[in-house]
Amino acid sequence: DGAMSIRKAGKIYDPEGVHVEALKDCSLEIGAGEFVAIVGPSGCGKSTLLNTIAGFDGLTSGEILLDGEPLATPEKDPSPGPDRVVVFQHGALFPWKTVLENVTYGPVVQGVMSEEEANKRAQEMLSRVGLNDIETSYPGQLSSGMQRRVEIIRALINNPKVLLLDEPFRAMDTVTKSASHQYLLELYDATGKTIFFITHDLEEAIFLADKVLVMTTRPGFIKKTLQVNLPRP
Ligand code: ADP
Ligand code: ADP
């Protein structure tokens, strides 16, 4: 589960006649359980692609398939779903809930798990990555690095097919960033989820991903993707 085909995806923003080709002829294949990083300069369309996969935004041409099923086409606006979860650069934890409550809230409210079940699963995941001692802490008591780790656990608890990460470790200091990398790889190895990771940091992409895709912008809005496959040690 979690294989994606992106075929000649295009997105034109046309607010009041201002024609912006945010994505053009973007094609890529992502295998189930693959860790793919997308790098590229600001404005090349990375977030646009992530947002269409996440279901926040529609395509104007081409298509995106998830496990063979159309997710987004010009005729079909995508919608967010529990099979695709996003973690952004900026914190999104409920400040008034503890770490454990933040992680269990979603599946309990959606009726996917009982509170007991969610607690058990959350505790397992938190302890797997050494975060069990912060279960009762509030987000405000945690560093941004810790908060981001909790958000990734929260994203994974519902067992999504695809984890979408939009520069989650941007603006972190080097030590926190490398600890977060280690942490993400541990969770990736443990869960085998498809990961779609956006960054403008090539070094980070190469360290983390099995496959790095480079999006480029050229004059005339010709956008290309170049693929590099990296066997991780
Ligand atoms: P990246 O994530 O690689 O920095 P984006 O996907 O955010 O790039 O943006 C790609 C292009 O689309 C940019 O030129 C940006 O200004 C434009 N764009 C993004 N969102 C919108 C929008 N809602 N309306 C108009 N233009 C947009
Ligand atoms: P602020 O207004 O300072 O962002 P809030 O208390 O509104 O603080 O929300 C804190 C965080 O919780 C926000 O980053 C927001 O993304 C997230 N949040 C708030 N309400 C919801 C909600 N209904 N569903 C999901 N996330 C939410």
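This is a predicted model: local features need pLDDT of at least 70, side-chain atom pairs count only at pLDDT 80 or more; totals for chains, interfaces and linings use all residues.
**Rings, a ligand and a buried arginine**

Reader: How many aromatic pairs does the structure hold, and what kind is the pair of Phe-35 and Tyr-188?
Author: There are six aromatic pairs in the structure. For Phe-35 and Tyr-188, the ring centres sit 5.2 Å apart and the planes meet at 75 degrees. Planes over 60 degrees apart count as edge-to-face, so this pair is edge-to-face.

Reader: How many residues apart in sequence are the parts that Phe-35 and Tyr-188 tie together?
Author: Phe-35 belongs to strand E3, residues 35-39, while Tyr-188 belongs to helix H5, residues 174-191. The pair therefore links parts whose separation in sequence, in residues, is 153.

Reader: What about the rings of Phe-56 and Phe-88, how is that pair classed?
Author: Their centres are 6.3 Å apart, with 25 degrees between the planes. Under 30 degrees is the cut-off for that class, so the pair of Phe-56 and Phe-88 is stacked.

Reader: Where do Phe-56 and Phe-88 lie, and how many residues apart in sequence are the parts they tie together?
Author: Phe-56 is in the loop between H1 and strand E4 (61-66), and Phe-88 is in the loop between E6 and helix H2 (99-109). Phe-56 has a relative accessible area of 46%, so it is partly exposed. Phe-88, at 33%, counts as partly exposed too. As for the parts this pair ties together, the separation in residues is 32.

Reader: Now the ligand. Which residue has a polar side-chain atom 2.6 Å from an oxygen atom of ligand 1?
Author: Some polar contacts with ligand 1 use the backbone: a backbone N or O atom of Gly-43 lies 2.6 Å from one of its oxygen atoms, and a polar backbone atom of Lys-46 is 2.9 Å from an oxygen atom. The side-chain contact at 2.6 Å belongs to Thr-48.

Reader: What share of ligand 1 does the protein bury?
Author: On its own, ligand 1 exposes 560 Å². The share of that area buried by the protein is 62%.

Reader: Which element gives the largest share of the shell around ligand 1?
Author: The shell includes Tyr-13, Pro-41 and Ser-47, and by class it has five nonpolar, five polar and one charged residues. Strand E2 (20-30) and helix H1 (46-54) each supply at least two residues. The largest share, three residues, comes from H1.

Reader: Which backbone oxygen lies 3.0 Å from a polar atom of the side chain of Arg-84?
Author: Arg-84 is in strand E6 (residues 84-87) and is buried, with a relative accessible area of 8%. One polar side-chain atom of Arg-84 is 3.3 Å from the backbone oxygen of Ala-54. At 3.0 Å, the backbone oxygen is that of Ser-79.

Reader: Last one: how far apart in space are Leu-213 and Val-36?
Author: Leu-213 lies in strand E9 (residues 211-218), and at 2% relative accessibility it counts as buried. Leu-213 and Val-36 are 177 residues apart in sequence, but C-alpha to C-alpha their distance in space is 7.4 Å.

Conventions: Residues are numbered from 1 along each chain as its sequence is written. Chains are lettered from A and ligands numbered from 1 in the order in which they are written. Side-chain values use heavy atoms; hydrogens and water are left out. A residue is near a molecule or strand if one of its heavy atoms lies within 4 Å of it. A polar contact is a pair of N or O atoms within 3.5 Å; within protein, one must be able to donate a hydrogen and the other to accept it, and residues adjacent in sequence count only if both atoms are side-chain atoms. Accessible areas come from the Shrake-Rupley method with a 1.4 Å probe; for residues, only the protein chains shown count as cover. Helices (H or I, at least four residues) and strands (E, at least two) are DSSP runs, numbered from the N terminus. Ala, Val, Leu, Ile, Met, Phe, Trp, Tyr, Cys and Pro count as nonpolar, Asp, Glu, Lys and Arg as charged, and the others, Gly among them, as polar. Buried means under 20% relative accessible area, exposed over 50%, partly exposed in between (1.4 Å probe, protein chains only). Rings of Phe, Tyr and Trp (its six-membered ring) pair if their centres lie within 6.5 Å; planes under 30 degrees apart count as stacked, over 60 as edge-to-face and the rest as tilted.
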